[in-house]
Amino acid sequence: MKNMVWMVMVLYLTYLARYVQQRYWFIYQMNLKLKIVIIVMQNLMIRHIIRPLLQEIYQPDGWKMLTCCMLLNLTNRKQVDTIRDELFKRYPTPKDMMKADQSELAELLKPLGLYNRRAKSLKKMSEGYVKGFKSVDELYGIGQYAKDSWEIFQNNNRKVNPTDKVLMEYLRVT
(Lines give C-alpha, C1' and ligand atoms only; values in the text may rest on other atoms or scores of the structure.)
Protein backbone atom coordinates (compact mmCIF):
# COMPACT_ATOMS: atom_id res chain seq x y z
CA MET A 1 0.00 0.00 0.00
CA LYS A 2 2.87 2.39 0.82
CA ASN A 3 4.43 1.81 -2.58
CA MET A 4 1.08 2.58 -4.22
CA VAL A 5 0.84 5.90 -2.36
CA TRP A 6 4.42 6.75 -3.32
CA MET A 7 3.75 5.89 -6.95
CA VAL A 8 0.63 8.07 -7.04
CA MET A 9 2.59 10.95 -5.50
CA VAL A 10 5.42 10.53 -8.00
CA LEU A 11 2.98 10.41 -10.92
CA TYR A 12 1.16 13.51 -9.66
CA LEU A 13 4.40 15.45 -9.15
CA THR A 14 5.62 14.35 -12.59
CA TYR A 15 2.37 15.61 -14.13
CA LEU A 16 2.60 18.85 -12.14
CA ALA A 17 6.20 19.41 -13.23
CA ARG A 18 5.29 18.93 -16.89
CA TYR A 19 2.30 21.23 -16.59
CA VAL A 20 4.36 23.95 -14.94
CA GLN A 21 7.07 23.62 -17.55
CA GLN A 22 4.59 23.88 -20.43
CA ARG A 23 2.40 26.68 -19.08
CA TYR A 24 4.59 28.81 -16.85
CA TRP A 25 8.11 28.98 -18.16
CA PHE A 26 8.92 31.75 -15.67
CA ILE A 27 8.52 29.27 -12.81
CA TYR A 28 11.46 27.29 -14.10
CA GLN A 29 13.21 27.22 -10.69
CA MET A 30 10.15 25.63 -9.07
CA ASN A 31 10.14 23.01 -11.80
CA LEU A 32 13.75 22.08 -10.99
CA LYS A 33 12.87 21.70 -7.32
CA LEU A 34 9.95 19.43 -8.21
CA LYS A 35 12.25 17.26 -10.31
CA ILE A 36 14.61 16.90 -7.36
CA VAL A 37 11.68 15.90 -5.12
CA ILE A 38 10.56 13.32 -7.69
CA ILE A 39 14.05 11.79 -7.94
CA VAL A 40 14.32 11.59 -4.14
CA MET A 41 10.88 9.94 -3.89
CA GLN A 42 11.78 7.41 -6.60
CA ASN A 43 14.96 6.55 -4.70
CA LEU A 44 12.94 6.06 -1.53
CA MET A 45 10.67 3.64 -3.38
CA ILE A 46 13.65 1.58 -4.57
CA ARG A 47 14.91 1.04 -1.04
CA HIS A 48 11.87 -1.05 -0.08
CA ILE A 49 13.13 -4.27 -1.66
CA ILE A 50 12.82 -7.57 0.17
CA ARG A 51 16.21 -9.14 0.86
CA PRO A 52 17.47 -11.65 0.21
CA LEU A 53 16.22 -11.56 -3.36
CA LEU A 54 14.77 -14.79 -4.71
CA GLN A 55 17.71 -14.84 -7.10
CA GLU A 56 20.07 -14.89 -4.11
CA ILE A 57 18.10 -17.67 -2.40
CA TYR A 58 18.03 -19.87 -5.51
CA GLN A 59 21.42 -18.91 -6.94
CA PRO A 60 22.73 -22.49 -6.51
CA ASP A 61 19.85 -23.80 -8.68
CA GLY A 62 19.56 -21.89 -11.95
CA TRP A 63 16.25 -23.50 -12.92
CA LYS A 64 14.55 -22.48 -9.67
CA MET A 65 15.95 -18.98 -10.05
CA LEU A 66 14.54 -18.67 -13.57
CA THR A 67 11.24 -20.09 -12.37
CA CYS A 68 11.05 -17.39 -9.70
CA CYS A 69 11.87 -14.70 -12.27
CA MET A 70 9.00 -15.93 -14.42
CA LEU A 71 6.66 -15.98 -11.43
CA LEU A 72 7.58 -12.38 -10.60
CA ASN A 73 6.40 -11.23 -14.03
CA LEU A 74 3.37 -8.93 -13.53
CA THR A 75 3.12 -9.66 -9.81
CA ASN A 76 5.11 -8.96 -6.66
CA ARG A 77 7.42 -10.80 -4.30
CA LYS A 78 4.87 -11.13 -1.51
CA GLN A 79 2.44 -12.93 -3.81
CA VAL A 80 5.16 -15.24 -5.14
CA ASP A 81 6.24 -16.06 -1.57
CA THR A 82 2.75 -17.45 -0.84
CA ILE A 83 3.11 -20.24 -3.44
CA ARG A 84 6.80 -20.85 -4.12
CA ASP A 85 7.46 -23.32 -1.28
CA GLU A 86 4.52 -25.47 -2.33
CA LEU A 87 5.51 -25.15 -6.00
CA PHE A 88 9.06 -26.39 -5.39
CA LYS A 89 7.80 -29.08 -3.01
CA ARG A 90 5.55 -30.52 -5.74
CA TYR A 91 7.97 -29.86 -8.62
CA PRO A 92 11.54 -29.89 -7.25
CA THR A 93 13.27 -30.37 -10.62
CA PRO A 94 12.76 -29.18 -14.19
CA LYS A 95 11.87 -32.75 -15.21
CA ASP A 96 9.08 -32.81 -12.60
CA MET A 97 7.77 -29.45 -13.82
CA MET A 98 7.98 -30.58 -17.42
CA LYS A 99 5.82 -33.64 -16.62
CA ALA A 100 3.36 -31.69 -14.44
CA ASP A 101 -0.33 -31.72 -15.20
CA GLN A 102 -0.94 -28.25 -16.60
CA SER A 103 -4.33 -27.80 -14.91
CA GLU A 104 -2.93 -28.80 -11.49
CA LEU A 105 -0.02 -26.42 -11.97
CA ALA A 106 -2.39 -23.65 -13.04
CA GLU A 107 -4.50 -24.22 -9.93
CA LEU A 108 -1.43 -23.77 -7.73
CA LEU A 109 -0.50 -20.58 -9.59
CA LYS A 110 -3.99 -19.04 -9.34
CA PRO A 111 -3.10 -16.50 -6.61
CA LEU A 112 -0.60 -14.88 -8.99
CA GLY A 113 -3.06 -14.32 -11.82
CA LEU A 114 -2.48 -15.33 -15.45
CA TYR A 115 -2.24 -18.86 -14.09
CA ASN A 116 -2.93 -20.76 -17.35
CA ARG A 117 -0.30 -18.77 -19.22
CA ARG A 118 2.19 -19.12 -16.37
CA ALA A 119 1.65 -22.90 -16.19
CA LYS A 120 2.22 -23.29 -19.92
CA SER A 121 5.31 -21.06 -19.85
CA LEU A 122 6.85 -22.85 -16.87
CA LYS A 123 6.38 -26.26 -18.48
CA LYS A 124 7.90 -25.11 -21.79
CA MET A 125 10.81 -23.34 -20.09
CA SER A 126 11.51 -26.45 -18.00
CA GLU A 127 11.51 -28.61 -21.12
CA GLY A 128 14.05 -26.31 -22.77
CA TYR A 129 16.15 -26.27 -19.60
CA VAL A 130 16.30 -30.08 -19.57
CA LYS A 131 17.19 -30.24 -23.28
CA GLY A 132 19.96 -27.69 -22.79
CA PHE A 133 20.59 -24.21 -24.14
CA LYS A 134 23.45 -22.00 -25.25
CA SER A 135 21.92 -18.73 -24.10
CA VAL A 136 19.28 -18.36 -21.41
CA ASP A 137 17.08 -16.17 -23.61
CA GLU A 138 16.58 -19.18 -25.92
CA LEU A 139 14.31 -20.63 -23.23
CA TYR A 140 10.58 -20.11 -23.61
CA GLY A 141 9.17 -17.23 -21.56
CA ILE A 142 12.51 -15.76 -20.52
CA GLY A 143 12.42 -11.98 -20.73
CA GLN A 144 14.88 -9.23 -19.97
CA TYR A 145 14.45 -9.47 -16.18
CA ALA A 146 15.28 -13.18 -16.11
CA LYS A 147 18.12 -12.69 -18.60
CA ASP A 148 19.64 -9.92 -16.45
CA SER A 149 19.17 -12.04 -13.32
CA TRP A 150 20.94 -14.97 -15.02
CA GLU A 151 23.87 -12.76 -15.96
CA ILE A 152 24.17 -11.32 -12.44
CA PHE A 153 23.54 -14.42 -10.32
CA GLN A 154 24.63 -17.34 -12.51
CA ASN A 155 27.40 -15.80 -14.63
CA ASN A 156 28.55 -13.37 -11.90
CA ASN A 157 28.50 -10.58 -14.47
CA ARG A 158 28.08 -7.29 -12.61
CA LYS A 159 28.56 -5.23 -15.77
CA VAL A 160 24.90 -5.72 -16.68
CA ASN A 161 22.73 -2.61 -16.95
CA PRO A 162 19.32 -3.87 -15.83
CA THR A 163 16.17 -1.84 -16.34
CA ASP A 164 14.50 -3.38 -13.30
CA LYS A 165 14.71 -1.14 -10.21
CA VAL A 166 15.23 -4.02 -7.79
CA LEU A 167 18.17 -5.39 -9.77
CA MET A 168 19.62 -1.88 -10.14
CA GLU A 169 19.37 -1.39 -6.37
CA TYR A 170 20.91 -4.81 -5.73
CA LEU A 171 23.92 -3.95 -7.90
CA ARG A 172 24.20 -0.56 -6.22
CA VAL A 173 24.27 -1.87 -2.64
CA THR A 174 26.30 -5.05 -3.11
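Y91 touches W63, D96, M97, A100, E104, L105 and L108, leaving aside residues up to four places away in sequence. Touching, or contact, means heavy atoms within 4.5 Å. The model is a predicted one: local features need pLDDT of at least 70, side-chain atom pairs count only at pLDDT 80 or more, and totals for chains, interfaces and linings use all residues. Residues are numbered from 1 along each chain as its sequence is written, and side-chain values use heavy atoms, with hydrogens and water left out.

Y91 lies in the loop between helix 5 and helix 6. Helices here are DSSP runs (H or I, at least four residues), numbered from the N terminus. With 6% relative accessibility, Y91 counts as buried. Buried means under 20% relative accessible area, exposed means over 50%, and partly exposed is in between (1.4 Å probe, protein chains only).

An α-helix has 3.6 residues a turn, so residues three or four places apart point the same way.

A pocket is an open set of points on a 1 Å grid over the protein atoms alone, with protein on both sides within 12 Å along at least five of seven lines. Lining residues have an atom within 4 Å of a point. For the second largest pocket they are C69, M70, N73, R117, R118, S121, L122, G141, G143, Y145 and A146. Helix 4 (62-71), helix 8 (115-131) and helix 9 (144-153) each supply at least two of the lining residues. Helix 8 gives the most, with four. By class, the lining has five nonpolar, four polar and two charged residues.

A disulfide is a pair of cysteine sulfur atoms within 2.5 Å. By this rule the count is zero. The sulfur of C69 is 7.1 Å from the closest cysteine sulfur, in C68, which is too far for a bond. C69 is buried at 4% relative accessibility, and C68 is buried at 1%.

Some backbone features lie in loops. Most residues other than glycine have a negative phi, and most peptide bonds are trans. The peptide bond from R51 to P52 is cis, with omega near -5 degrees. P52 is found in the loop between helix 2 (28-46) and helix 3 (54-57). L114 is not a glycine, yet has a positive phi of about 50 degrees. L114 sits in the loop between helix 7 and helix 8 and is partly exposed, at 42% relative accessible area. N156, also not a glycine, has a positive phi of about 50 degrees. N156 is in the loop between helix 9 and helix 10 (165-173) and counts as exposed, at 58%.

Terms used. 1 Å grid on protein atoms, 1.4 Å probe; cavity = no way out; pocket = protein on both sides within 12 Å on 5 of 7 lines; lining within 4 Å. Nonpolar A, V, L, I, M, F, W, Y, C, P; charged D, E, K, R; others polar.
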